[in-house]
Amino acid sequence: MEFYPDILIFDNGKKVESVEDWKKRRKELIKILAENEYGFSPDAPEAVEAEINKDNDSCCSGHARIEHITLSFDTPKGKFSFPFKLFVPTAREKSPLILLINFRPDAYDKYCPSEEIIDNGFALASFCYMDVTSDDGDFTNGLSGMFDRDERIGWGKISMWAWAASRVIDYLSTRPEIDAENISIAGHSRLGKTALWCAAQDERVKFALVNGSGCGGAAYERVKHEGAETVKAIVEKFPFWFCGKYADYIDRADEMPFDQHFAIAACAPRYVCVGDADKDKWADQYSSQLSCIAASPAWKVLGKEGLIAPENPAKTGDCFGEGNVQYHLRDGVHYFGRTDWNYYMQFIKAKM
Ligand code: GTR
């Protein structure tokens, strides 16, 4: 199958042939995605500050301690703060980190098997996306209220949540207990889209764990399957997740100067895991697998492998994780489940 646009052809028509070319093309991919889909984000603040509010010395069978941290930084309209939680394993001096962008602020959550994650050898951080800014069209609250925004190409909510995740990484990569060379970012559904967009832009993220992300996430938009979400459907319901310009592509996917394989490719040569559930047609599972295939030439040009899998649709229970891109399809519905987590953690442990 041929995929458009070609990730290895610059906008000026030249071909990507070297590692140096790829570094430039990667920046071009990110710019095209920002300008047409997610919106441009501001630069990072000069510094972030952290206040550790509460310490619980023993959780997860006594294998970790938990810190409640408030992160603060300067913005054009004053200081902004949001909270997150950090589980620090007590058995080791340094641990690889998984940062989960979550729907709820709870340390123990149905989408976050904290104890299993700790017992697999990871430190775990999570924040609630709504503590950053609301999940609606109000651009006056939280982080969204701290910056002026261009409605056409300025950041939508997905960009804001992704940017906030990078601020958590600003801080956590300075903590001696965190192995800053092995940072993963995880999210499900709208927050799977967010995790992917964060990893695409932020090279400190080594592993992107992109669960049930669908339209505007991993799913290749030019090929749609029955029952799958489209640009039209998503923009009608959630225009605020994106920049205004994304609405131009309603019913015009073929004219998009990008497709979702750009976001996966922008992570190369790092690692991406995409996971779906077999009953989650709305997330267009096979189109997500196709994006992984379409993005894989980015790894090839760097002398690595992207997704190693057949081109026909994955069957329930398949997990293709030999290359730097993994795709899995588990049984069940739209959810961030234990099975998904196990596929992701196995992959990280094998590639770390
Ligand atoms: C749906 C939306 C999807 C997905 C999901 C979620 O309603 O259409 O794109 O993001 O919400 O985040 O739970």
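A pocket here is an open set of points on a 1 Å grid over the protein atoms alone, with protein on both sides within 12 Å along at least five of seven lines, and its lining residues have an atom within 4 Å of a point. Its volume is the space filled by probe spheres set on the points, which are joined across faces, edges and corners. Welcome to a predicted model, in which local features need pLDDT of at least 70, side-chain atom pairs count only at pLDDT 80 or more, and totals for chains, interfaces and linings use all residues. Residues are numbered from 1 along each chain as its sequence is written, and side-chain values use heavy atoms, with hydrogens and water left out.

**The ligand's pocket**
- The ligand takes up the second largest pocket (more than half of its atoms lie within 2 Å of the grid points).
- This second largest pocket has a volume of about 190 Å³.
- Its lining has 16 residues, and Ser-189, Lys-193, Glu-229, Phe-238 and Trp-282 lie nearest the centre.

**Contacts with the ligand**
- Residues around the ligand (a heavy atom within 4 Å) include Arg-190, Ile-234, Trp-241 and His-334.
- Polar contacts are pairs of N or O atoms within 3.5 Å.
- In the side chain of Glu-229, an N or O atom is 2.4 Å from a ligand oxygen.
- For Ser-189, a polar side-chain atom lies 2.7 Å from an oxygen of the ligand.
- Lys-193 has a side-chain N or O atom 2.8 Å from a ligand oxygen.

**The largest pocket**
- The largest pocket has a volume of about 340 Å³.
- Among its 18 lining residues, Ser-41, Pro-42, Ala-44, Trp-163 and Gln-201 lie nearest the centre.

Technical notes. Polar contact = N/O pair within 3.5 Å; in protein donor to acceptor, adjacent residues only side chain to side chain. 1 Å grid on protein atoms, 1.4 Å probe; cavity = no way out; pocket = protein on both sides within 12 Å on 5 of 7 lines; lining within 4 Å.
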